[in-house]
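Here is my note on the model we discussed, arranged as numbered points. Please read it alongside the sequence and the coordinates.

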Amino acid sequence: MTPDLKYTRNIGIMAHIDAGKTTTTERILFYTGITHRIGEVHDGAAAMDWMVQEQERGITITSAATTTFWNHNNQEYKINILDTPGHVDFTVEVERSLRVLDGAVAVFCAVGGVEPQSETVWRQADKYRVPRMAFINKMDRAGADFFRVVSEIKDKLGSNPVPLQIPFGAEEDFKGIVDLIERRAIVWKEDEAMGMKYEYCEIPDDLVETVEEWREKLVEAVCVSDDDLLERFLEDRDSISVEEFMTYTRRATINMDIVPVLCGSAFKNKGVQRLLDAISDLLPSPLDIGIVYGIDPRTDKEISREPDSEEPLTGLVFKIATDPFVGRLAYVRVYSGKLQEGIMVLNNRTGKKERISRIYQMHANKQNPKKEIDAGDICAVVGLKELRTGDTITNVGKPMILESIDFPEPVIGIAIEPKTQADIDKLGIALNKLVEEDPTFQVRFNMDTGQTTINGMGELHLEILMDRLKREFKVECNVGTPQVNYKEALTIEVKHREVFKKQTGGRGKFADIEVYIGPADDNAKGLQFASEIRGGNVPREYIPSVEKGFKNAMFNGPLAGFPIENLKVRLMDGSYHAVDSDQLAFEIVARQAFKHAALKAGPIILEPIMAVEVVTPEEYMGDVISDLNKRRGQVEGMDSKAGARVIKAKVPLAEQFGYVTVLRTLSSGRATSTMEFSHYEGMPENLAKEILEKVTGKF
């Protein structure tokens, strides 16, 4: 077994925008000795926000990885940290980080509490079953309320939050924390050694009752999670030592029975060391996560690998980045085996072998060269040309495919064109690199108009990408106005016969098919194709060509050329010619059949609907709701929160351009909003007609 693997932690810091993730990470780097001065986000000096765009805007755009070490109970713990973005446009960075992490720290603002993006990242962590703990930050701010945030975590996120600490003071009087297990207060000395020093003291009299109440809740929650512990507790609670209790608390955290809650103020250097202790004590090591399962591509059977360096190599590529000095970096989580410099590995998606030229342990955008990386670790490798996000790499001859990563569809696009002829080739190369890095960024080229459109998750996402084109790749572009990514769908099933004949002297082309074409079944994605041919009316070797023809045809819907996402095709009958029929003829006949049949199958235009949440003072609520109604919004609920009203609504994306500016005007700058993609649904007929007139010039 790999030595010390039980002292390794792979964790992510995740939260809503502005909860203090990057500030918390900066303090962790400072206290663990990785950095010797604290970088502040608002000064543009944070080590983890290394991109120019991140430093200018004070937001995290890309998940940054770093490795640090923390001494706790005379033991050195290795902590690999991924600092993830909070803005919903960069949700893919959170998704791919959580896929490869063993544990996570969810940071909440003590004033804002559980905000919309907190719910999104929490759902993503649930999806990958990532054990997590909560850190309630900004306890020094006016309006901070620790216990309200704990109850929000319970009610809004459906979790079982269990405080291990409660705050000692609040707002400007926030002094430190009270440890519920040890029953003692910890106070940080103001302005002394940047929060390096703290001291233990007695719990103030006015807090004793609260401490005992929450300590009982903590003990009860941990005991309920384990029958043996509960039995011992009921017999003789004094027989359970603090060390034993921590072992059971750790087990409950890893099993996701509880979410330990800590608090502090990262900016004021309070509470971060105790957070590091809790990460070491409670979050899982790769050994706790245990065996990883995947598919053997040779047999399609499930196989497993242990988190052990003696096992065959298995690693998942969770991110591709381009470094100006090193080149193409592939970030890899090694689940089993050893990744060594110079070895040949197998890309299980392509079936090709590639050589690893160099291995790095990352610290944001700086690389520390390594000769080898053991199981359970995270690193970046250079030399793999064809790797994509979500690919599995293994030893040659020992293939295994791990579950890949799902990415959301882009919902907004803009047309771009290079300003000069010299920029045309540079633009193509730059866009290819950006597509490799970001799976939610897509480039489409319209053959009819010759126009290039880039598509992303939101206006900020595309703005950042355009900025990167200009700064990193030195490509100047003219940019169109943002366009919504519409889709098309069929509503009824129709029967259609299509014959393709072409005679041009010598050998011609002939194909004939009869199909049923219509909407896909409820849970089906993409093309649902079935051949119900009886006898040899269409030879078996031509059937894949029919399927390929329909698959390619789905990129251009019958109404306005928007893609069709889901389609069901049943091939019923057909005929062929012994000389003139070939695979290409059957591919062409399928494309033509789609073109003609789809028009009869009740095609409609689908538009993206966004989940919008607006936080506004009470007096502006009427104006905000009225404005949402004008935007074809459906208000789904209203809550009260910290003296303001929270309005939840579903609004078409087409109506939301420039919404932030309008909202500021309506509320004298006091309301805020967040927006994320919800689903696609059919457009009203009158608006669909307008779209068609714009796109096609006719209806």
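1. A residue is called buried here when its relative accessible area is under 20%, and exposed when that area is over 50%. The model is a predicted one, and every value below is computed from it.

2. With a relative accessible area of 3%, Asn137 is buried, because that value is under the 20% cut-off. Asn137 lies in strand β5, which covers residues 132-137. Leaving aside residues up to four places away in sequence, Asn137 touches Ala19, Gly20 and Thr24, Val107, Phe108, Cys109 and Ala110, and also Gly264, Ser265 and Ala266.

3. Helix α11, residues 423-437, consists of 15 residues and reaches 21 Å from its first C-alpha to its last, which is close to the 21 Å expected at 1.5 Å a residue. Its buried residues are Asp423, Leu427, Ala430, Leu431, Leu434 and Glu437.

4. Helix α6 (residues 205-224) packs against helix α8 (residues 242-254) at an angle of about 65 degrees, and their axes are 9 Å apart. The crossing in which α6 passes α8 is left-handed. Within this contact, Leu218, Val219 and Val222 of α6 meet Phe245, Tyr248 and Thr249 of α8. Sorted by class, the contact of α6 with α8 holds five nonpolar residues and one polar residue, with no charged residues.

Key:
Residues are numbered from 1 along each chain as its sequence is written. This is a predicted model: local features need pLDDT of at least 70, side-chain atom pairs count only at pLDDT 80 or more; totals for chains, interfaces and linings use all residues. Side-chain values use heavy atoms; hydrogens and water are left out. Helices (H or I, at least four residues) and strands (E, at least two) are DSSP runs, numbered from the N terminus. Buried means under 20% relative accessible area, exposed over 50%, partly exposed in between (1.4 Å probe, protein chains only). Contact means heavy atoms within 4.5 Å. The expected span of a helix is 1.5 Å times one less than its number of residues. Axes are lines fitted to C-alpha atoms, for helices over the stretch in contact, and angles run from 0 to 180 degrees between N-to-C directions. A crossing is left-handed if the near helix is turned anticlockwise from the far one by less than a right angle, and right-handed if clockwise. Ala, Val, Leu, Ile, Met, Phe, Trp, Tyr, Cys and Pro count as nonpolar, Asp, Glu, Lys and Arg as charged, and the others, Gly among them, as polar.
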